[in-house]
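Please have the sequence and the model at hand.

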Amino acid sequence: MGKTQEKVVVTQEDKNEQIHQMVDNLVKKSHTALDIIADFTQEQVDKICEAIATAGEKNAYALAKMAVEETGRGIVEDKTIKNMYASENIWNSLRHEKTVGVIEEDKELGLTKIAEPKGVIAGVTPVTNPTSTTIFKAMLALKTRNTIIFGFHPQAQKCCVATAKIIQAAAEAAGAPKNAIQWIEEPSIQATNDLMTHPDVQTILATGGPGMVKAAYSSGKPAIGVGPGNGPSYIEKSANFERAVYDIILSKTFDNGMVCASENSVVVDNEIYDKVKEEFKKWNCYFLNKEEIKKFEQNFIDPRRGTVAGPVAGKSAYGIAKLCGVDVPENTKVIIAEYQGVGKAFPLSAEKLSPVFTLYRAKNTADAFRICHELLDYGGRGHTAGIHSNDKKIINEFSAEMDACRILVNSPAALGGIGDLYNNMLPSLTLGTGSYGANIFSHNVGARDLLNIKTVAMRRDNMQWVKVPAKTYFEHNAANYLKHMPDVHRFFVVTDEGVADLGFADEITDIISKRRGNKSYEVFKAVTLNPTIDVIKDGVHRMNIFKPDAIVAIGGGSVMDAAKAMRLFYENPDMSFAEAYQKFLDIRKRVVRFPKSNDVKLVCIPTTSGTGSEVSPVSVITDGKTGLKHTLCDYALIPDVSIVDDQFVEELPQRLIAWSGFEALGHAIESYVSTMATDFTRGWSLEAIKTIFNNLKASYGGDLDARKRMHDAATIAGMAYSNAFLGLEHSIAHAIGSTFNIPSGVSDAVALPQVIRFNAKRPEKLAMWPHYSVYRAERDYAEIARSLGLTGSTDHELVEKLVEKLIDLAKGVNIKLAYKAYGVDKANFDKKVEDLAVEAYGDQNTVTNPVSPLISQITALMKDCYEGKGIK
């Protein structure tokens, strides 16, 4: 007697493992194909895609017939059109699209974009459009040199496999590698999930029900999915309602309404509602009565999901009516339920995927918009909304207000939404719904969405510039230019009491008085040493009364800075002070925009030889409440005319000669080593440096020729820093000078040697500016030293000799190089120094320092400045 054969029991765990292995095998083969196709040329890829398109179009009818027979949904003729659309229209849009190698190149911007495949694509297809979606996704994948593995809907497995086999054979005959197109042979939810979550699948392209799309997004992979559509269509009273009705019936009957973009509800203005209803009836549309609506609500909608019941989607109107227990004529095209509400209490307001829609009567446009909003919010946000109207204003308002990524105007939504047929949208069978519908894309998905696009960015130097006043007049008595200055008549003279007491303001008004024709002037002499916001406001108030067409600023930097700010706020009353001093990295890209031109002309006449404000785009204004100095910087602040007339500095006190001389020297040296220094600005910087070193002591000693040269040098230094900007020395000087009332120039002199030594050391943190290609501050300082005739065997030695020469120059004009020498209390300084370091870090000048300083380093530098470290 033989042994009884034991029955082999296959556990669920064994089945799961078999599915894992099956999916893993598909993915491995797909990667082998990917390695091959990734090296294909554009010509090879296009040849393959054209073969897929040809095969899809050739078999369009047979595959459509198989789909209807297998799924029991849709219309063969319409599915044939879908297959042809997926082949013909999609390929036509892809035909000339570059998806291999360089796809964009902008030589001017130095940007090149290179297309690369994403990798293995998991393609999930729906039961509603099975064969056409298979053609579409395969063509999209291979056009972008990806490979694809399909997980077909179980209810459409046979027709999808037949489609995949046809296009696979066509692709391989055209040169595609084996296994570039694959599919799961035995479909299941687990198999599809395993495919989507496989670690070697790079992207998911999912079309299906909400559960499947959610699973795709939950896979941890980049997923391109589509959300549900519950799109409304609004027939506004100005519409060609006969065409609108025709379009809607066309859309709803096309493949029995299974295109997700098709109209699910129609909203009609009260004025034309009855006409529209009659027009629908003419086309054999059946209107449900109240009892029939109740039957539909019970049978048409799945109560668990709140959406169309599975057996209903894609059936004919007559077939759906039978399922719902309602008698309608066999020739019924569309079933219509007149409705009033939206939401769970009104089941038929949900997505329908069938030749059924709800009809709403709107009281007016606002009411129609409200209903459309509610319908979109009930399962259709982000997808599609239609409007039929001849009123451009209402079309624009509808487009702006609806939370839909496709706004279709005077079109059948099903055929309009997929693109290309009724509009110029990208043809696609995957319609993104954006963040409204929890999708990554808000457009019709195309080839570009399946590409990794590498951007090659060539290094480029930012375009730079040289901007100075349109006119700069110099030499003795140059102020006489005001006698002939054209196109101005009303002069607002800005100065301070000290300058006015010297008679300089009177000299200017005397020149103005000698002008021919109409002329008038007003003198504003309330500018203080460190002009505050209140001073600026006072000046603007006076200007609003006087209405000048020219401002003449005569005085030191404070006066000229005040005049710049007054013009700015006079011509731009809506600009705030806080906006005006906002910091920037690049003046061309700043957040707060200054005016591009000025109607009021600004003339600046310096009476000191240091600030360079007469040619600069800078205005330093003090906040009277905090005591902090703020730097306003923009080329809108540049004076129109600069008059460098040495007659106004002949009687300059010695201390001002010394202080302003070191301020100008700081401008010249810092602009030379700035990260924005160029060959255009360094010449100015170097000329100013040499002139100041050669003439400051003599000017201090009473040499008027040297004083004239110093006056010119200050303006030349101003031109340099106006375009190259400054550095950390000025940031420190501003912070400490304003806090402890140390004169500008003195605070510059104290900080200058310390900052030079700091900048000349190889930096811990590198400065950021494309034009500044390599750290060079030590070399730049050494070059300054050489221009002054200093010698040394190394750059380091030359830098130290430059510092020593600075120290000697300061001693020669009685400037002490330590803040403690100016009565700054040590305890008070130590208490404030860390906050001052933060303030200096935030100063606009720090941005272009050749070394990017840490706040802790600025604190240390300030302490060195206090003690005068290394100053002999």
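The model is predicted, so local features need pLDDT of at least 70 and side-chain atom pairs count only at pLDDT 80 or more, while totals for chains, interfaces and linings use all residues. Residues are numbered from 1 along each chain as its sequence is written, and side-chain values use heavy atoms, with hydrogens and water left out.

The chain has 29 helices and 23 strands, which are DSSP runs (helices: H or I, at least four residues; strands: E, at least two). Its radius of gyration (over C-alpha atoms) is 40 Å, well over the 29 Å from the globule rule for 872 residues, so the chain is more spread out than a compact globule. That rule is 2.2 Å times the number of residues to the power 0.38. Along the principal axes, the C-alpha atoms fill a box of roughly 125 × 80 × 50 Å.

An automatic or database assignment sets the domain bounds: domain 1 (18-221), domain 2 (232-422), domain 3 (465-585 + 595-651) and domain 4 (654-871). The C-alpha centres of domain 1 and domain 2 are 32 Å apart. Their contact (heavy atoms within 4.5 Å) takes 12 residues from domain 1 and 14 residues from domain 2.

Between domain 1 and domain 2, two salt bridges are counted, each a side-chain nitrogen of Lys or Arg within 4 Å of a carboxyl oxygen of Asp or Glu. K82 forms a salt bridge with D255, with the closest N and O atoms 2.6 Å apart.
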